[in-house]
Amino acid sequence: MHRRDFIKLTAAVGVASALPAWSRLAFAADRPALPIPELLTADATNRIAINVQAGKTQFGPHLATTWGYNGNLLGPALQLRQGKAVTVDIHNQLSEETTLHWHGVEVPGEVDGGPQGIIKPGETRTVSFTPTQRAATCWFHPHQHGNTGRQVAMGLAGLVLIEDNELRKLLLPKQWGIDDVPVIVQDKKFNADGQIDYQLDVMSAAVGWFGDTLLTNGAIYPQHAAPKGWLRLRLLNGCNARMLNFATSDNRPLYVIASDGGLLPEPVSVTELPMLTGERFEVLVDISDGKAFDLVTLPVNQMGMAVAPFDQSHPVMRIQPLAIPASGTLPDMLTRMPVLPSLEGLTQRALQLSMDPMLDMMGMQALQKKYGDAHPAAGYSGVRHVTGYADTYVRAAVAGRADAAHTATVNGPDA
Ligand SMILES: [Cu+2]
């Protein structure tokens, strides 16, 4: 266990032990506590240090070699301020090249860690930038050419929280790891030796790499105890290719307050929240009734992704309300948004990405051979697979970018 995990766990247990015995019993001993990434802010000289390093992580029965930022797995949540310059020193302690890409953060190309921003083993890359965008939950991960998927699968990913004055004024839940909770969801696969399995074959080349074990902040079906009232979840679909569809086990609504781009004008109540890979949403959940429930992901209509155990509702984490009251609220209004410009008279361009049809066919056959065609919901039993953006996404994923969906379709002004 990381020291920071221990501190968070101690804090959670501290809260729990202040409660009557019946309440503590609800916190199941056999379920791991949700690991909470450390909230890291810049030091007095506006610097943040990130070490890209290798370690070991226990996943159920598997003790696997994993990679992390400043730890064994995943990384800290970097809290940045709008308008405040920050310098990040990225030290690569791995034995191979990597890059660090600021996903969703509006930074100049030379600062970003695309495939050009290589950090050789043992070397340090220093980047400086000033966030100018609205408050938003973003993330960072490698974007090494040809190796992005594997390096992320090994554990490299962390959150970036951009804050601004507008967000600070709202009385949203904001106690990190207590009622403002990061939820990084990723699927993993392990080989016979219990190591992370990132073998690409015709099937994963055709439909995208996917695993059979769901991790939430790196833990299998963890639990989180939170003060009863409003609970804020910062959801990240950190999977390689798997679309997720968040819901609650007792159908209580999720109130979406922010997307990739920051606050929505007002909360939107949903009972299902589909998320493509790389996407972030912030939701508030009312847990004032004190009843425990699961955050789950429902089966999705995406080729290859609805096979067992994902052919049914699958738990993401258990949420256990505590007896103590929470202090955050769900405001009726969140922010003012500018009116969308008229789309009239714009030139529309459609770019279609495609892949080797032979590889596609071989992948489909491999999928059918492995899982059979007994799951119509899996969307691979027909001649064609899923339609729309999911299909485009799957194809984009073949290009090897976990976040290629952003660039898969471009429709816009011919400016
Ligand atoms: Cu990305």
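My entries follow, starting with confidence.

**Confidence.** I am reading a predicted model, where local features need pLDDT of at least 70 and side-chain atom pairs count only at pLDDT 80 or more, while totals for chains, interfaces and linings use all residues. Residues are numbered from 1 along each chain as its sequence is written. I looked up pLDDT (the predictor's confidence in each residue, from 0 to 100) and found a chain mean of 86, with 83% of residues at 70 or more. Residues 1–25 stay under 50, and so do residues 376–415. I note that where pLDDT is low, the predicted coordinates should not be read in detail.

**Sheet.** Next I traced an open, mixed sheet of five strands, ordered E1-E4-E9-E8-E6. Strands here are DSSP runs of at least two residues, numbered from the N terminus, and two of them pair if DSSP finds at least two bridges between them. E1 (39–41) and E6 (101–103) are the edges, each pairing on one side only. I then followed E8 (residues 136–141) along E9 (residues 158–163): they run antiparallel, joined by five bridges. In that pair, Cys 138 stands opposite Val 160.

**Core.** Val 160 turned up again in the largest nonpolar core, which has 85 residues; Val 183, Leu 235 and Val 283 are also among those with the most contacts inside it. Such a core joins buried Ala, Val, Leu, Ile, Met, Phe, Trp, Tyr and Cys residues through C-beta atoms within 7 Å, buried meaning 20 or more other C-beta atoms within 10 Å of a residue's own, with C-beta atoms placed from the backbone. Strand E14 (residues 230–237) gives the largest share, five residues.

Definitions and conventions
A residue is buried if 20 or more other C-beta atoms lie within 10 Å of its own, exposed if 12 or fewer, and partly exposed in between; C-beta atoms are placed from the backbone. Helices (H or I, at least four residues) and strands (E, at least two) are DSSP runs, numbered from the N terminus. Two residues are in contact if their C-beta atoms, placed from the backbone, lie within 7 Å.
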